[in-house]
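Please examine the sequence and the structure before reading on.

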Amino acid sequence: MINFQSCAHKFLLTISLFLLLPITSAAASSTCTCDEAEAQEHKTTEALKYKLVAIVSILIASAAGVSLPFLVKKVSYLSPDKDVFFLIKAFAAGVILATGFIHILPDAFESLTSPCLCENPWHKFPFAGFIAMMSSIGTLMMEAYATGYHKRTELRKAQPFDGDEESDHDHDQQGVHAGHVHGSSFVPEPTNSSDLIRNRIISQILELGIVIHSVIIGISLGASERASTIKPLVAALSFHQFFEGTGLGGCISQAKFNYTAISIMVLFFSLITPAGIAVGIGISKIYDQSSPTALIVQGLLNSASAGILTYMALVDLLAADFMNPKMLSNIRLQIGANFTVLLGASCMCFLAKLEEH
């Protein structure tokens with residue numbers, strides 16, 4: 001005989017379980033979501049703390065690095081005509097060269113070959129290397145045209161005059177002050193104004209290349225929400241900006257800008273990375289570093305920056321000093337410069353290894 005009461009109890013129990021299961025699941029889900037939200041908020045707060053530390057640390061390091069060449073300028077031992085100055089410039093050039101090859105160019109290749117990008121055309125052609133090459137050529141052309149323009153302007157200022165209309169006294173005075181007189185032509189004495197103009201162009205282009213990269217790394221750090229990623233970058237980027245700033249400051253110092261121009265260039269370099277971090281913090285909720293648009297923009301800008309810095313380090317900094325007659329006639333200075341350029345590059349390679357971890 002079937003026990004209807006027992007069956008009824010089992011049926012009711014089954015129905016109750018089915019009715020209570022969604023409620024229990026919802027409650028569990030609600031608790032889990034709340035816990036996850038609290039954990040995410042804690043991670044965001046911790047990441048923000050390290051971002052603020054990064055802003056202060058990188059600002060101080062950047063300002064100290066770019067100001068250092070001006071602070072030691074009055075130290076006779078470190079004046080531009082001393083051998084030590086060549087060694088310092090070689091170290092800075094090694095830092096800038098490694099920045100282009102080790103820090104920036106690999107990031108550009110990684111961005112432009114990301115799986116997040118469509119295969120055509122980004123995976124069909126090495127755009128990172130192409131843009132870096134074109135930016136190097138463009139930098140060469142820009143520097144040559146700018147220097148040539150100022151050189152031609154100087155030559156046009158040397159106006160010819162008619163020797164028959166001037167007295168012998170005027171000839172003597174003009175010969176003393178202006179140059180050598182040959183008939184009715186004027187030949188100015190050679191000056192170092194062309195070198196000064198070239199140094200100014202070099203410092204401005206170099207700052208442009210450094211600033212492009214600094215903006216990108218600042219925004220990337222500011223947009224990151226993982227404290228474990230930001231923490232090791234604070235020290236690495238601080239040293240990175242210090243060494244880069246030293247190289248840039250040396251170039252600015254050689255260019256002999258007026259006080260206002262120097263202040264603007266120093267402040268611009270010092271503030272650009274912290275400003276990038278602040279922008280990254282502001283757009284962290286909407287910025288997706290793995291989106292196709294972000295990857296393409298980062299890749300193209302990093303490629304251009306790498307090309308500029310590579311050209312500047314090799315041609316304008318290293319080649320100019322290593323071919324200097326003073327260095328060519330001093331084997332000890334040559335060996336020292338070779339060592340310091342490798343030391344500067346090695347420091348940046350070590351920082352690149354730190355940034356990976």
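## Helix packing and salt bridges

The model is predicted: local features need pLDDT of at least 70 and side-chain atom pairs pLDDT 80 or more, while totals for chains, interfaces and linings use all residues. Residues are numbered from 1 along each chain, and side-chain values use heavy atoms, without hydrogens and water.

The axes of helix H2 (residues 83-112) and helix H6 (residues 227-255) cross at roughly 125 degrees and come within 9 Å. Axes are lines fitted to C-alpha atoms, over the stretch in contact for helices, and angles between N-to-C directions run from 0 to 180 degrees. Helices are DSSP runs (H or I, at least four residues), numbered from the N terminus. On the H2 side, the residues that meet H6 include Phe85, Lys89 and His103, and their counterparts in H6 include His240, Glu244 and Gln254; contact means heavy atoms within 4.5 Å.

Helix H3 (residues 127-157) packs against helix H8 (residues 292-322) at an angle of about 50 degrees, with the axes 7 Å apart. This makes H3 oblique to H8. Among the residues in contact are Ser136 and Glu143 of H3, and Tyr311 and Asp316 of H8.

Salt bridges form the second topic. In general, side chains of opposite charge can pair when their charged atoms come close. A salt bridge is counted when a side-chain nitrogen of Lys or Arg is within 4 Å of a carboxyl oxygen of Asp or Glu. By this rule there are 4 salt bridges, including those in the table.

| Salt bridge | Closest N and O atoms |
|---|---|
| Asp83 and Lys326 | 3.5 Å |
| Lys89 and Asp321 | 3.0 Å |
| Arg198 and Asp316 | 2.9 Å |

Arg198 belongs to helix H5 (residues 193-223) and Asp316 to helix H8, so this pair ties together parts 118 residues apart in sequence. Salt bridges with shared partners join Glu143, Arg198 and Asp316 into one network.

Asp316 counts as buried at 5% relative accessibility, where buried means under 20% relative accessible area, exposed over 50% and partly exposed in between (1.4 Å probe, protein chains only). Arg198 is partly exposed, at 27%. Lys89 and Asp321 are both buried, whereas Asp83 is partly exposed at 31% and Lys326 is partly exposed at 32%.

Conventions:
Helices (H or I, at least four residues) and strands (E, at least two) are DSSP runs, numbered from the N terminus. Angles under 35 degrees count as roughly parallel, over 145 as roughly antiparallel, 65 to 115 as roughly perpendicular and the rest as oblique.
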